[in-house]
Amino acid sequence: MVNNAAMIQYLVERDLGSSVAKPTPRSRASLEPCLPARLPSTAFLQREAEQAAPKAFLHQLRGNRTSSSSPTSTFQSESEERGGGTRRMSISSPTSPSSPSSSPGKFVTSQSRTSKTWKEPQPFEIFRAIERKDIMFLMEVRDHAFQLLLRKTGDATPLLHAMRIGQSHRDVAILLLGAFSRWINHLEDSEMQLPKTKATLKALRINLKLAIDYGLHKSQSDLIASFLQTLVMSEGDNWVRAQIHTVSIALRSGSAGKPVSTAETAVRKFATRELSKADAIAALEDYIANATVDLLLLSAWSMALDYIPGEPIPLYYFARDDRVFRAFTDRLELHQNALHRNVSRRLKWQLRLLRQVLEDRNVTYRAKVEVLTSELDEGDGV
């Protein structure tokens with residue numbers, strides 16, 4: 001289609017002798033370039049969020065406390081509404097790249113495929129597999145004879161052998177550490193008291209300490225937590241029991257007892273004693289925050305058992321994923337009526353506060369410890 005508007009306009013002006021009014025062109029916008037302000041970086045936003053979250057959460061907690069009629073009624077109503085909560089992700093996630101998936105079906109298939117031909121290898125075969133980076137063979141050893149990955153032959157363990165080879169075999173060392181973490185997190189409760197398990201935990205502790213001394217914690221962020229887990233699980237029952245007693249006394253004293261600071265100081269001293277360079281290890285702070293929370297939960301529940309009949313939380317749950325918190329919430333649900341009738345007013349508030357703060361997944365554990373410090377150590381209390 002052709003636009004003849006210009007031709008028609010020319011003919012009208014020529015024949016009629018009159019000009020047709022032309023539309024006034026729109027004035028052209030002047031160019032005024034501008035540069036928008038740069039958006040903040042992700043690191044800046046994360047830092048601001050971590051600083052603001054505890055304050056906002058603390059404000060919400062205190063607002064809820066003033067609006068509720070009493071700690072007793074609030075504790076009971078929250079217990080009735082919740083069906084149980086979950087806490088943090090695993091300190092040493094079994095689904096990390098260095099720690100293969102924990103899906104039972106995956107490893108059952110692997111075992112069924114190799115069980116007919118599996119023969120326990122000699123130590124030299126494991127060392128040779130490390131040198132050749134034979135990952136499949138090492139994974140079979142992990143699934144069928146895990147203790148062989150810890151056994152010392154001569155002056156070296158498989159992990160130490162991989163680290164001695166050098167940077168070229170660093171990935172093999174990291175893979176072995178992932179296998180260690182996976183074994184820790186999949187240890188069954190019924191196996192904890194077996195002598196074989198205790199011996200394996202001690203061998204694990206030695207291997208993990210070697211890895212820390214070689215500096216592998218810089219690339220394997222959960223190594224410190226795994227080491228301290230094995231330390232507590234193998235020899236730490238007496239220490240945990242003693243600290244529960246100490247923190248319980250602090251909780252009974254209210255804010256004057258500084259229960260959060262007491263728990264954190266105990267964990268920090270324990271970790272520093274076992275790790276010569278603990279102050280320089282950033283990942284240690286995450287473990288200290290988690291362990292501090294677990295001590296508070298164990299202590300609060302041990303105090304509740306002075307008023308009601310019930311089962312204590314097993315000490316070998318300490319610093320193992322979210323087991324302490326899950327056991328804590330399960331027991332609150334099971335004994336909510338007895339707690340409502342028999343427990344002191346202060347302890348009801350402390351139990352409610354611990355549950356309310358720790359079940360929020362949107363706040364880091366360091367921030368949660370800050371909130372608990374503001375309430376239990378520095379707040380007005382109940």
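**Entry 1**

I began with R164, which counts as partly exposed because its relative accessibility is 43%; I take buried as under 20% relative accessible area, exposed as over 50% and partly exposed as in between, using a 1.4 Å probe and protein chains only. I am working from a predicted model, in which local features need pLDDT of at least 70 and side-chain atom pairs count only at pLDDT 80 or more, while totals for chains, interfaces and linings use all residues. Residues are numbered from 1 along each chain as its sequence is written, and side-chain values use heavy atoms, with hydrogens and water left out.

I then looked up the partner of R164 and found that its side chain meets that of D155 in a salt bridge, at 3.5 Å from N to O; the term requires a side-chain nitrogen of Lys or Arg within 4 Å of a carboxyl oxygen of Asp or Glu. In the whole structure I noted nine salt bridges, and I also recorded that E264, R268 and E285 are linked in a network of them.

**Entry 1: helix 14**

Next I checked helix 14, residues 323-334, where helices are DSSP runs of H or I with at least four residues, numbered from the N terminus. I found helix 14 mostly covered, with nine of its 12 residues buried, among them F325, F328 and L332.

I looked up R326, whose side chain meets that of D322 in a salt bridge at 2.8 Å, N to O. R326 counts as partly exposed at 35% relative accessibility, whereas D322 is buried, with a relative accessible area of 10%.

I also followed E333, which forms a salt bridge with R355, the closest N and O atoms being 2.6 Å apart. Because E333 lies in helix 14 and R355 in helix 16 (residues 345-358), the pair ties together parts that are 22 residues apart in sequence. I noted that E333 and R355 are both buried.

**Entry 2: G254**

Finally I located G254 in the loop between helix 11 (237-252) and helix 12 (259-274), and I found G254 buried, with a relative accessible area of 8%. Leaving aside residues up to four places away in sequence, G254 touches P259, R346 and L376, contact being heavy atoms within 4.5 Å. I also noted G379, which is 125 residues from G254 along the chain, with 9.4 Å separating their C-alpha atoms.

How values were computed. Helix = DSSP H or I, 4+ residues; strand = E, 2+ residues; numbered from the N terminus. Expected span 1.5 Å × (residues − 1).
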